[in-house]
Amino acid sequence: MLVAKNLWRYYGSKVALRGMDLEVEAGSAYGFIGPNGAGKSTTLRILATVDQPEAGQVFIDGVDAQEEPAKVRPWLGFMPDPFHLYDELTVSRMLYMFAQLYGIPARERRARVSKVIELARIKQRVGQKCSTLSKGWRQRVLLARTLVHDPKVLLLDEPAAGLDPAARIEFREIVRNLRDMGKTIVVSSHILTELADFCDAVGIVEGGRMVVSGRIADVLDRLNPHDRLEIEVVGDPTTASILLGRLDEVDAVEATERGAVHLLSATLQGRATPELRSKVLRDLVQAGVQVSALQPKREDLEDLFLKVASQGSTEGGVRVETLRSLLKGGAA
Ligand SMILES: Nc1ncnc2c1ncn2[C@@H]1O[C@H](COP(=O)(O)OP(=O)(O)OP(=O)(O)O)[C@@H](O)[C@H]1O
Ligand SMILES: [Mg+2]
C-alpha cells in the first residue's frame, strides 16, 4: 500500500533522510520508531505529499505520489506533529468546516461528521471550544479531523506523545479499531514498547535510514537471536560444563552455586529448539550428570537492552543509544 524508496532530504547542508526505505502492507498497522531527529516526521510529510524529497520515490497503492499528488491525496489522512486546531470553533463546527473543505457534499456532511465523532470517541466534547480541550481530548479531536474525508491510509506522527497512560490506552484502542476496519496505519513514536503490542510490523529508523524493518516477532528475533538454556544439576557441575562447552550450538557456559545444586546457564548460538533441548538432556544424563531441571529462556527486551548497553556494541544493526532510548522512552 505504501512504498518509499531511497528517500533523500536535505535541509541546507544537513541531511535529514539518507536513503530512507519503507514498505507498509495494506490493512496493517506499522510502527515507525526512532529517536529524536531520526527522520520520522520528515518521512511522514513526504508520504503525505506535503514535502518533496531531493531524491527517491513514493508509491501509494501503486501510484507515484510525486507524479500524481492530486490522485493520492484523498486516500491519505495525515496527523502531523504539532497540529493546529481552530481554537475559537467548537469541535463540531471545526469538523463541519473540514468536511466542507474536503468537498464532501452538504447532504453527506452530517453523517460523515457523526461517523468520525463516533470513531474518535469524542461525543462528550462536540459542543466544546477547541481551545478548552485537554491534551488527550485534543489528540482525539485531531484524529477525528484526520478521518473526515474517510482516508484509507492514516499517517499519524507521534499521536500519543504527551498523553497520560489512560489516554494512551484509549488512543491505542481507537487506532486498533481503525486498523480492524481495514485502514492502513503508520504511527510514529520514539518508544518501541509503546507500539509493539498493537502494530503488525515495525521499522526502526536512525540517522535518516531504516535500520530494521519487518513483522514485530521477526524484528525482536533479529535484535535478540540468542536463547539460553538454564540447567540445574545436583552435585559437581564440572562434567556438565565441559560437555556443554563442547557443543557447537553453545557459545558460552556459566555456572553458579545455588545451595545443594548448581545452575548452568548456556548461551546458545541460536534458538533453544525442542530437538536441541532433548539432545542436551540426553548427553548430560548419559554422561552421568544428575539433571534436576532444564529450561529454555529467551531474553526479553529489558535483558537485551542491558546486555547490549554493557557490551557497548550494536545489536541487529541498531546502535546502543538508539536501543536505550527506544526501550526506556528517554530522549536520545
Ligand atoms: N525545517 C527544517 N529545517 C532544518 N532542519 C530540519 C527541518 N526539519 C527537520 N530537520 C532536521 O532533519 C532531521 C530529521 O528531523 P525529523 O523532524 O524528521 O526527525 P523526527 O524523527 O521526527 O524527530 P522527533 O522525534 O524529534 O520528532 C533532524 O536532524 C532535524 O533537525
Ligand atoms: Mg518528529
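The tour goes from the ligand to the sheet, then to the helices on it and the nonpolar cores. Keep in mind that this is a predicted model.

**Stop 1: the ligand.** Select ligand 1 and show what surrounds it: Tyr11, Lys14, Ala16, Gly34, Asn36, Gly37, Ala38, Gly39, Lys40, Ser41, Thr42 and His190. Two elements give two or more residues to this shell, strand S2 (14-24) and helix H1 (40-47). H1 gives the most, with three residues. Colour the shell by class and you will find three nonpolar, seven polar and two charged residues.

**Stop 2: the sheet.** Next, pick out the open sheet of six strands, in the order S6-S7-S8-S3-S9-S10 and with mixed pairing. Strands S6 (76-79) and S10 (209-215) stand at the edges; each has a single partner strand, so one side of each is left without a neighbour in the sheet. From one strand to the next, the twist averages 15 degrees. Now zoom in on S9 (residues 201-206), which runs antiparallel to S10 and is joined to it by six bridges. For one of the bridge partners, select Val205 and look across to Met210 in S10.

**Stop 3: helices on the sheet.** Helix H8 (residues 216-223) packs here, touching S9 and S10, with its direction at about 120 degrees to that of S10. Then select helix H6 (residues 165-180), which lies across S3 (29-33), S7 (153-156) and S8 (184-189) and runs at about 150 degrees to S8.

**Stop 4: the cores.** Which residues have the most contacts inside the largest nonpolar core? They are Tyr30, Leu95, Ala144, Leu155, Ile185 and Val186, in a core of 62 residues. Finish at a second, separate core of 13 residues, including Val233, Ala240, Leu284 and Val289.

Notes: Residues numbered from 1 in each chain as written. Chains lettered and ligands numbered in written order. Predicted model: local features only at pLDDT ≥ 70, side-chain atom pairs only at ≥ 80, totals over all residues. Near = placed C-beta within 6 Å. Helix = DSSP H or I, 4+ residues; strand = E, 2+ residues; numbered from the N terminus. Nonpolar A, V, L, I, M, F, W, Y, C, P; charged D, E, K, R; others polar. Core = buried A, V, L, I, M, F, W, Y, C linked by C-beta atoms within 7 Å. Buried ≥ 20, exposed ≤ 12 C-beta atoms within 10 Å, placed from the backbone. Pairing = 2+ DSSP bridges. Axes fitted to C-alpha atoms, helices over the stretch in contact; angles between N-to-C directions. Contact = placed C-beta atoms within 7 Å.
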